[in-house]
Amino acid sequence: MPVKKYLKESIKLGDKELTVESGRVAKQASGSVVIRNGDTMLLVAAVGAQNPREGIDFFPLTVEYREAQFSAGRIPGNYFRREGRPNEKEVLTSRLIDRPCRPLFTEGYRNETQVIASVISADPDNDPDVIAITGASCALYLSDIPFATPIAGVRVGLIDGRYVINPTYDERRESRLNLIVAGTEEAIVMVEAGALEVSEEIMVEALMLAHKEINRLCRWQKELYKALEIQKREVTAPVLNEEMLGEIERNYTDRLRASLDTTKQDKIASYAGVDALKKEVVESYPEDQPEQRQMAKKIFDHLKETIFRDDILNQRRRPDGRRFSEIRQITCEVGWLPRVHGSALFTRGETQALVTTTLGTKDDEQFMDDLETGEIKRRFMLNYNFPSFSVGEVGRFGNPGRREIGHGALARRAIEPVLPEESEFPYTLRIVSDITESNGSSSMASVCGGILSLMDAGVPLKRAVAGVAMGLVMEGNKYAILSDIAGAEDHYGDMDFKVTGTSEGITALQMDIKIAGINSQIMAEALEQARKGRLHILSAMEKAIAVPREEIAPYAPRIIQIKINPDKIRDVIGPGGKIIRALVEETGAKIDVEDDGTVSIATADAEAAKAAVDRIRGLTAEAEIGENYLGTVSRIVDFGAFVEIFPGTDGLLHISEIADRRVKDVRDELKEGQQIMVKCIGKEGNKIKLSRKAVLRDEKQQAEAAGAGDGD
């Protein structure tokens, strides 16, 4: 292995320095860098096997991103006290790195390749996720691995109308936009965004600004590459046998075009026809010539793509005959499942999602490790499931994979901006989207179905959200923007982007681009066509349910919130939690007490809720001067009596305040256990002064006033 040169260089990014150091750590990897932004640092290492993996027709790339808890000075909070399986943030960031990098390896490269990005220092300001994209590019590009085009990643925020490059955690909390863009020197290749209903114009401006910074970072990487004098491995690009290509085109083009046509057949029938034709093509070559058969498979797949692109760009025709801007037929049903809190069945063409909403209490919040704060609580969860039967296949049934986690995160990001504040609707919310059929953008079906199920559950949303998957096919100056793309359009198109939003603006965006040369005009045109598609879908959803139900589902817990003096929290909890446990057992209600004195009582039983509220108010009530209370004489002393006006709260009724005349002996007027009306006439710290004389005086004045009225 040749000795690697040492290099350490910096470049200005936003208001900080981005530094890359190579040749110091992990020198036995094919390529490795330590990348730093502020005090956040990542070690990114890339290794490419020396020999191709035999017998495969895909590129075996693995990307792993990990956040070590030591990087933020913490010990993992789990039982084993060490990092375990990747959490959601790690999975999503691994996808952020993988998606822009994968298409840029030299065609024909089939060597097992692995990229590992490890957070080794995490400051409280700078998120390592977007830095990891640039770090992965540096590790690959500054190595002999055939990764010939550098990329970079940038985050853009929007605060008070001003765009901010790589905003801090605090700035992101104030931002209307959280946009992550990855790209090459020439073009944007990936976008991931969440937004608070921003306009299409703002999104295009932010994308162009991000690419301007990306361009600088990519040119900087090329300078580092020259300084290190790196030699890339030679890769022989695959070529098609021209003679076989011509033969298969002549004999099978018309039949293949007919099989791909879905105007008169569904997806399953189309796929079956294509598979049968592929088998016929392969078997038309001798069995004892496996190389010819393998070449026939490649030519057949190439012909499929050629037919698709020719039909779109030259014939201006989609496989299912739709107009480029046309959305497939939509049907929406709500309230389909009788025992759940909210349900919806959303169907668009051959894509269908069964989506449910469950309302829970604060106990149901999701707890997650977080580098910034140590631990975060998530009040809103969205889980996406994609069983193999949804595409008519037999497959593994187990834990969700990276794709499922990514689709669920996109749908959650799309819906989150329209949820009510916790103070207005104090529930924990969980949406589950089970895909029952799939032929194009089940994640967008999950967004639409999720909104419908939330409305069915009675969640007071600010506005409805819908999503649409868009595509682009482009060659030279010819291009076609496609709304609501189906399977082949996703696979063979040049851009796949999903846009979600309300009638007012965009809430989420996810985009993967396979070609260079997409300018701001095409981007703006695509987003405008997506906006029109989104409004069409919103109108279809409105026919099923226009506004959230006024009442939550009968089987959902009712949550009542009351405020108590924080100093009284201990009176509700009791020593060792004794009092609150007793309250829960007696009433059957769930009771949560916050540090600010907010008490949440959750139960489906109205009587139990009332009983719990009464008990808590009794435990925490405070006497107010001038108010009357029905109290119980708890103890008599020579100078008066102690009267319990709330459970555990006594006030002193002095002998001079017992009656409107002079009292010689308290026991002549009162008995222990006797109930009497008293008025609070004073408070000194925890001491309460009571008067029965004042109550008697008030009653006498009222009687006299009533008598005078009768006389008139």
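Predicted model: local features only at pLDDT ≥ 70, side-chain atom pairs only at ≥ 80, totals over all residues.

User: Why is glutamate 627 called partly exposed?

Analyst: Glutamate 627 has 39% relative accessibility, and partly exposed covers what falls between under 20% (buried) and over 50% (exposed), so partly exposed is the label for glutamate 627. As for where it sits, Glu627 is in the loop between α14 (606–620) and β25 (628–637).

User: Which residues form a negative surface patch?

Analyst: That one is made up of Asp567, Glu622, Glu624 and Glu627. Asp and Glu count as negative, and like charges are joined within 9 Å.

User: How do you know that cysteine 101 is in no disulfide?

Analyst: The count of disulfides comes to zero. For cysteine 101, the nearest cysteine sulfur belongs to cysteine 138, and that is 10 Å away, while a disulfide needs the two sulfurs within 2.5 Å. Cysteine 218 is in no disulfide either: its nearest cysteine sulfur, again from cysteine 138, is 9.2 Å away.

User: And what makes cysteine 218 buried?

Analyst: Its relative accessible area is 0%, and buried means under 20%, so cysteine 218 gets that label. Cysteine 101, at 2%, is buried too.

User: Why is asparagine 126 called buried?

Analyst: Asparagine 126 has a relative accessible area of 4%, against a limit of under 20%, so buried it is. This asparagine belongs to the loop between β6 (111–121) and α2 (128–141). Proline 167 is 41 residues from asparagine 126 in sequence, yet their C-alpha atoms are 7.7 Å apart in space.

Definitions and conventions: Residues numbered from 1 in each chain as written. Heavy atoms only, no water. Patch = residues over 30% accessible without salt bridge, like charges linked within 9 Å, V, L, I, M, F, W, Y side chains within 5 Å. Areas by Shrake-Rupley, 256 points an atom, 1.4 Å probe, with all protein chains shown as cover. Salt bridge = Lys/Arg side-chain N within 4 Å of Asp/Glu carboxyl O. Charge placed at Lys NZ, Arg CZ, Asp CG, Glu CD. Helix = DSSP H or I, 4+ residues; strand = E, 2+ residues; numbered from the N terminus. Buried < 20%, exposed > 50% of the residue type's maximum accessible area, 1.4 Å probe, protein only.
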